Amino acid sequence: MNNLRRLIIKGSMAAGTLGVAVSAGLLMPTTVLAAWPANAFGAKDMTEGLANLLGSSDMAESGDIKIKAPDIAENGAVVPITVTATMAGVESITIAAPNNPAPLVASFDLAGGAHGYASTRIKMGKSGDVIAVVKAGGKLYTAKKGVKVTIGGCGG
Amino acid sequence: MAAKSIKIRAKFKEGVTTVKALLTHQMESGFRKDSKTGGMIPAHYIQEVVCEVGGKVLMNAHWSGGVSKNPYLSFKFDGGEGETLKLTWTDNKGESDSAEAAIS
């Protein structure tokens, strides 16, 4: 009885370690290659997308983030956005437009002496806020700016 | 993609390098309708942009189809004088391109 029990425990442990080794070996290359977080950028809801991307949706508003964007964008297909974060240790800058069909627009991971600065041009389907989320020192900070769009850039 | 899909300008000034890059890509979000066929135009956009200097990744951007057509991006970092910057993009169809530029 006891012997059988030992055997079963041993067997299950061996199988367990094997399973872990296999899954680790299989998962390693995919995580490296497919770093693009599909569940974050594919999310229809901004809070969900941000939580999937950054691991948390718990963020504080901060005055240290400056969003440079036009008050009125004539063409929603091209809205220039510049985000400057003056806090120390900026790890990433994420730009989102909550009124877009895919609210998460872009995320910049910064390393190796890169400044808290990112600039790009985004599409906006409707008037609304542009939200910047900055990850600095493991915490999330956010700021937003309203942009009025006269011609949408996402519809056809 | 076309041979020259990337234009990079990297300027070093007072200890800081400012990188500006212009990529050529249609950045189709997948949310647009094709007026001729009535179907949706399939998504085709850049998902990842990686900037390296001296083999070190400085900036790794993940994009959705919400970035404008022929995307522009800019970022800044400390140092980098006289080094070479390498930018690589990959889109959702697995196409990619890379270019190098000297920081001046």
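This is a predicted model: local features need pLDDT of at least 70, side-chain atom pairs count only at pLDDT 80 or more; totals for chains, interfaces and linings use all residues.
**Entry 1: chain A as a whole.** I began with the secondary structure of chain A, where I count 3 helices and 9 strands. Reading from the N terminus, I find the order of these elements to be α-α-α-β-β-β-β-β-β-β-β-β. I then looked up burial, and noted that 39% of the 156 residues in chain A are buried. For the contacts in chain A between residues at least 6 apart in sequence, I wrote down that 63% join residues at least 24 apart.

**Entry 2: a lysine in chain A.** With A:Asp71, the side chain of A:Lys145 makes a side-chain to side-chain polar contact of 2.7 Å, while at A:Ala69 the side chain of A:Lys145 reaches the backbone oxygen at 3.1 Å.

**Entry 3: the interface of the two chains.** I moved on to where chain B meets chain A, and found that the contact takes 32 residues from chain B and 32 residues from chain A. The size of an interface is often given as the accessible area lost when the parts come together. For chain B and chain A I noted a buried area of about 2600 Å², with 52% of it on carbon and sulfur atoms. How many salt bridges are there between chain B and chain A? I recorded 0 salt bridges for this pair of chains, whereas the residue pairs in polar contact across the interface number 17, with both residues at pLDDT 80 or more.

**Entry 4: the side of chain B that touches chain A.** I checked which strands of chain B take part, and found that strand E2 (16–23), strand E3 (46–53), strand E4 (56–63) and strand E5 (72–78) each supply at least two residues of this side. The largest share, 8 residues, comes from E4(B). By class I noted 15 nonpolar, 10 polar and 7 charged residues on this side of chain B.

**Entry 5: strand pairing between the chains.** Last, I looked up E5(B) again, and saw that E5(B) pairs with strand E7 (residues 114–122) of chain A in the antiparallel sense, over 4 bridges. As one of the bridge partners I wrote down B:Phe77 in E5(B), which is partnered with A:Ala114.

Definitions and conventions. Residues are numbered from 1 along each chain as its sequence is written. Chains are lettered from A and ligands numbered from 1 in the order in which they are written. Side-chain values use heavy atoms; hydrogens and water are left out. Contact means heavy atoms within 4.5 Å. Buried area is the accessible area (1.4 Å probe) that two parts lose on being put together, summed over both. A salt bridge is a side-chain nitrogen of Lys or Arg within 4 Å of a carboxyl oxygen of Asp or Glu. A polar contact is a pair of N or O atoms within 3.5 Å; within protein, one must be able to donate a hydrogen and the other to accept it, and residues adjacent in sequence count only if both atoms are side-chain atoms. Ala, Val, Leu, Ile, Met, Phe, Trp, Tyr, Cys and Pro count as nonpolar, Asp, Glu, Lys and Arg as charged, and the others, Gly among them, as polar. Two strands pair if DSSP finds at least two bridges between them. Buried means under 20% relative accessible area, exposed over 50%, partly exposed in between (1.4 Å probe, protein chains only).
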